[in-house]
Amino acid sequence: SKLPPKPKPGGARGGKPNAGYGKMSGEAPNVYWRAVTMQELRDHPLFDALPPTEEVPVREVGDVMRLRQDSWQWRALHQGRLTTSNLASVCGVYEPASAKALGVPKSLAGHGRALRAWQHLSVPEPHDYQTLLAGAPVGA
């Protein structure tokens, strides 16, 4: 099937430009417009979804790679650990001088990211892995 032609800035009749063409409306963009939900993604035939966390038997360390990121087990395993999600902050990439030299967008620059990474790393790792294996939240 052939796609319809892109509308011309001059309007369908070639007169005045369309008032709304190429403009945003509203006070803020809707970042969820046309966003695919995790359930829609999991339902897609070409997406290899992880099984529900309740169905993942965690018997050894290799089994944890099948835990979904939205599970308490995944969060417990990452608690107090240096991971790729906070590595750049720990290395100072977002500090103002470094961010400027590296061309990091101003919206990402600042000392707050380093502080949040420090807070994340300051939380002690869970040592009660039997609780993790049993399927109850750590500390519950």
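A residue counts as buried under 20% relative accessible area, exposed over 50%, and partly exposed in between, using a 1.4 Å probe and protein chains only. By that scale serine 122 is partly exposed, at a relative accessible area of 41%.

The model is predicted: local features need a pLDDT of at least 70, side-chain atom pairs count only at pLDDT 80 or more, and totals for chains, interfaces and linings use all residues. Residues are numbered from 1 along each chain as its sequence is written, and side-chain values use heavy atoms, with hydrogens and water left out.

Start with confidence. pLDDT is the predictor's confidence in each residue, on a scale from 0 to 100. The protein averages 80. A score of at least 70 is reached by 71% of the residues. Confidence is highest in helix H4 (residues 96–102), at a mean of 96. It is lowest in helix H6 (residues 129–134), at 64. Two stretches call for separate mention. Over residues 10–15 pLDDT stays under 50, and the model has five contacts for them beyond four places in sequence. Over residues 17–21 pLDDT also stays under 50, and here the model has eight such contacts. A contact means heavy atoms within 4.5 Å.

Now the fold. Helices (H or I, at least four residues) and strands (E, at least two) are DSSP runs, numbered from the N terminus. The protein has six helices and zero strands. Along the sequence the pattern reads α-α-α-α-α-α. Of the contacts between residues at least 6 apart in sequence, 41% join residues at least 24 apart. Buried residues make up 19% of the 140 residues. The accessible surface comes to about 11600 Å², and carbon and sulfur atoms hold 58% of it. These areas come from the Shrake-Rupley method with a 1.4 Å probe; for residues, only the protein chains shown count as cover.

Begin the tour before H1, the segment where arginine 34 is found. Its phi is near 65 degrees, a positive value in a residue other than glycine. Most residues other than glycine have a negative phi. Arginine 34 counts as exposed, at 70% relative accessibility.

Move on to helix H1. Which side chain meets arginine 42 in a salt bridge? The partner is aspartate 70, at 3.9 Å from N to O. The pair links distant parts of the chain, 28 residues apart: arginine 42 is in helix H1 (38–43), and aspartate 70 is in the loop between H1 and helix H2 (72–78). Aspartate 70 is exposed, with a relative accessible area of 53%. A salt bridge here is a side-chain nitrogen of Lys or Arg within 4 Å of a carboxyl oxygen of Asp or Glu. By this rule the count comes to one.

Next, helix H3 (residues 84–90), which holds serine 89. Is serine 89 buried or exposed? It counts as buried, because its relative accessibility is 9%. Leaving out residues up to four places away in sequence, serine 89 touches Tyr94, Arg113, Ala114 and Ala117. Two of these residues have their own arrangement: arginine 113 lies over the face of tyrosine 94, at 4.8 Å from the ring centre. A charge sits over a ring if NZ of Lys or CZ of Arg is within 6 Å of the ring centre and within 35 degrees of the ring normal.

Finish back at serine 122, placed in helix H5 (residues 112–122). The C-alpha atoms of serine 122 and glutamine 79 are separated by 8.9 Å. Along the chain, these two residues are 43 residues apart.
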